[in-house]
Amino acid sequence: EKNISLLKSERTAMIDFLEKMPFDKVYPSDANFFCIRTSKKDKLLDYLLENGILVRDISSYPLLENCFRLSVGTPDENIQFKNAVKRFFDK
């Protein structure tokens, strides 16, 4: 129950963060991942990879052009992701 509570808390914090970023669309989820659409997907995914952050490119699936999938991680992993995304959009 402790892990489930932590996951729910991290998921809520992540969706709050994602919705404030200039993504084209954030698809909310009750699972431990989100689907995110951005016209800057390729550059963002390259930037995240350069910073040691892996996300799944799902843009080859039907109707998911420019989308990637982000899993909710540990609090530290989520902070790293948030900081990298902020840096990416601030440049």
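This is a predicted model: local features need pLDDT of at least 70, side-chain atom pairs count only at pLDDT 80 or more; totals for chains, interfaces and linings use all residues.
Me: In which order do the four strands form the open sheet?
Reply: Strands of a sheet pair through backbone hydrogen bonds, either parallel or antiparallel. In this model the pairing is antiparallel and the sheet is open, with its four strands in the order S1-S2-S4-S3.

Me: Which strands stand at the edges of that sheet?
Reply: A strand with a single partner has one side left without a neighbour in the sheet, and this holds for two of the strands. The strands at the edges are therefore S1 (25-27) and S3.

Me: Which residue in S2 is the bridge partner of Tyr 27?
Reply: S1 and S2 are paired in the antiparallel sense, over three bridges. In S2, Tyr 27 has as its bridge partner Cys 35.

Me: With which residues is Leu 18 in contact, leaving aside its neighbours within four places in sequence?
Reply: Leu 18 is among the core residues that touch the most other members. Once neighbours within four places in sequence are left aside, the contacts of Leu 18 are Phe 23, Val 26, Phe 34, Ile 36, Leu 70 and Phe 81.

Me: How many residues of the lining of the largest pocket come from H3?
Reply: The largest pocket holds about 230 Å³ of space. Of the 14 residues that line the pocket, those closest to its centre are Ile 53, Leu 54, Val 55, Leu 70 and Ser 71, and by class the lining has six nonpolar, five polar and three charged residues. Strand S4 (67-71) and helix H3 (75-90) each supply at least two lining residues; the share from H3 is the largest, at four residues.

Me: Is Leu 63 buried or exposed?
Reply: Most residues other than glycine have a negative phi. Leu 63, in the loop between strand S3 (56-57) and S4, has a positive phi of about 70° although it is not a glycine. Because its relative accessibility is 79%, Leu 63 counts as exposed.

Me: What is the relative accessibility of Asn 66?
Reply: Asn 66 also lies in the loop between S3 and S4, and has a positive phi of about 65°. Asn 66 counts as partly exposed because its relative accessibility is 27%.

Definitions and conventions
Residues are numbered from 1 along each chain as its sequence is written. Side-chain values use heavy atoms; hydrogens and water are left out. On a 1 Å grid over the protein atoms alone, a cavity is a set of points where a 1.4 Å probe fits but cannot get out, and a pocket is an open set with protein on both sides within 12 Å along at least five of seven lines; lining residues have an atom within 4 Å of a point. Grid points are joined across faces, edges and corners, and a volume is the space filled by probe spheres set on the points. Ala, Val, Leu, Ile, Met, Phe, Trp, Tyr, Cys and Pro count as nonpolar, Asp, Glu, Lys and Arg as charged, and the others, Gly among them, as polar. Buried means under 20% relative accessible area, exposed over 50%, partly exposed in between (1.4 Å probe, protein chains only). A nonpolar core is a set of buried Ala, Val, Leu, Ile, Met, Phe, Trp, Tyr and Cys residues joined through side-chain atoms within 4.5 Å. Contact means heavy atoms within 4.5 Å. Two strands pair if DSSP finds at least two bridges between them.
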